[in-house]
Amino acid sequence: MIFFILPIVVVLLLYFIGNIFSLKFNLNAYEKPIYGLGLIIILTNYCYFNLDLTLQSCLILIYLLLSIGLLISFLDIRKNIKELLLILKSIFILQVLFTLLASFYGEQFYIFRGNAHDHFAYLTSGQMFNSYSLQEILTMVKETKILKDGPINAGYFGNNVYLGNSLHIFESRPSVQLMLGYLMSLEFLNPIKIGFIFKSITSCLILLSSITFFRSFTNNERLSLFISYGFIFSIFNFYNYEIDAYALILSTPFLFLILKYSFNLIKHTQNFNSNFYFMYILIWACYFIIYPNGAAILMVPIFTYILFNLFKHKI
């Protein structure tokens, strides 16, 4: 049942944190969990890498954000209950399918089915972030460079052999590892299940963001949900899911919002909307922090599209 319940709980908690933005911005139900995740990612990266806080200390900040979000939710409880039910209804079938797959095929399926190398690289580095502060990691990196056997040295690390395979990638798109580190804090959760649960959470968020993207074209809730499920199980998304491209799938919810906002940019530029620009910049920042490779590529066609429309509409 942990495969079914935990991703749903995480999505709902992200919704409450994202509700903080509803005081200023007009977000729909599907966008709020994405903004909640974005806020956590930005604050965690800043606190961990700039303030040298541990993930346990960062968790206190997240609890504070969650408390604020819950208080805001109670201000309009009827609306928020309706939105929560809408989210649950949307992701329910997806979670049932993933839970059945994990339960039927077992550990061999959700551990080794995809790219085991990346899978364990992300998990071990997530455990590293969960266990050590930045300064402790930097100290270990410096010390291992002077060892004759190189960075992988079981004798040096004692029982923490995973450190030898993690230290050299701690700066490689660390947002995913930080989020996995939070999941590692759940002591009741078996670490070998975390990868599958993480992919279930991101799949739910991709589904929600794609619904709001397609709805801007269809103006039909059910049709947008149907198309979004089609995308979830499309070759593009499921290939990334299968090869355990964690950074890419974590960034995909933000990609859909970037595309949605980019198509509306001219309208909000003609009648300058500062709130819209703040949301647009925030989503771009989140996407870049999570997956800079993709952001560097995506910004070229989107900038070209925006520039073309600026000249077309003589703005």
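Is V176 buried or exposed? In this predicted model, V176 is buried, with a relative accessible area of 0%.

**V176 and helix α9**

V176 lies in helix α9, which covers residues 175-184. Beyond its neighbours within four places in sequence, V176 is in contact with Y122, F198, Y246, A247 and L250. L207 is 31 residues from V176 in sequence. Their C-alpha atoms lie 19 Å apart in space.

**The nonpolar core**

The largest nonpolar core holds 104 residues. The members that touch the most others are Y35, I137, M179, L180 and Y287. Helix α10, residues 194-218, is the top contributor, giving 13 residues to this core. In soluble globular proteins, nonpolar side chains tend to be buried together.

Y35 has contacts from several parts of the sequence. Leaving out neighbours within four places, they are G18, F21, L27, L257, Y261, M279, L282 and I283.

Y261, one of those contacts, sits in helix α13. Y261 is buried, at 4% relative accessible area. With neighbours within four places again set aside, Y261 is in contact with L27, E31, Y35, F276, M279, Y280 and I283.

**Helix α12**

Helix α12 spans residues 235-242. Its buried residues are N237, N240 and Y241. Seen down the helix axis, these fall within an arc of 105 degrees, so they line one face of α12. An α-helix has 3.6 residues a turn, so residues three or four places apart point the same way. On the other side of α12, I235 and Y239 are exposed.

What do the buried residues of α12 pack against? Their partners are α4 (77-105), α10, α11 (221-232) and α13 (246-263). Y241 also takes part in a charge-ring arrangement: the charged end of K199 sits over the Y241 ring, 4.2 Å from its centre. Just after α12, D244 takes a positive phi of about 55 degrees.

**Aromatic pairs**

How many aromatic pairs does the whole structure hold? The search finds 30. Ring pairs join F213, F214, F217, F231, F236, F256, F263 and Y305 into a cluster.

**Cysteines**

The structure holds zero disulfides.

| Cysteine | Nearest cysteine sulfur | Distance | Relative accessibility |
|---|---|---|---|
| C204 | C286 | 19 Å | 0% |
| C286 | C47 | 14 Å | 1% |

A disulfide is a covalent bond between the sulfur atoms of two cysteines. The cut-off for the sulfur pair is 2.5 Å. For C204 the nearest cysteine sulfur is 19 Å away, and C204 is in no disulfide. For C286 that value is 14 Å, and C286 is in no disulfide either. C204 counts as buried, at 0% relative accessibility. C286 is buried too, with a relative accessible area of 1%.

Note on methods. Residues are numbered from 1 along each chain as its sequence is written. This is a predicted model: local features need pLDDT of at least 70, side-chain atom pairs count only at pLDDT 80 or more; totals for chains, interfaces and linings use all residues. Side-chain values use heavy atoms; hydrogens and water are left out. A nonpolar core is a set of buried Ala, Val, Leu, Ile, Met, Phe, Trp, Tyr and Cys residues joined through side-chain atoms within 4.5 Å. Buried means under 20% relative accessible area, exposed over 50%, partly exposed in between (1.4 Å probe, protein chains only). Helices (H or I, at least four residues) and strands (E, at least two) are DSSP runs, numbered from the N terminus. Contact means heavy atoms within 4.5 Å. The arc is that of the directions from the helix axis to the C-beta atoms. Rings of Phe, Tyr and Trp (its six-membered ring) pair if their centres lie within 6.5 Å; planes under 30 degrees apart count as stacked, over 60 as edge-to-face and the rest as tilted. A charge sits over a ring if NZ of Lys or CZ of Arg is within 6 Å of the ring centre and within 35 degrees of the ring normal.
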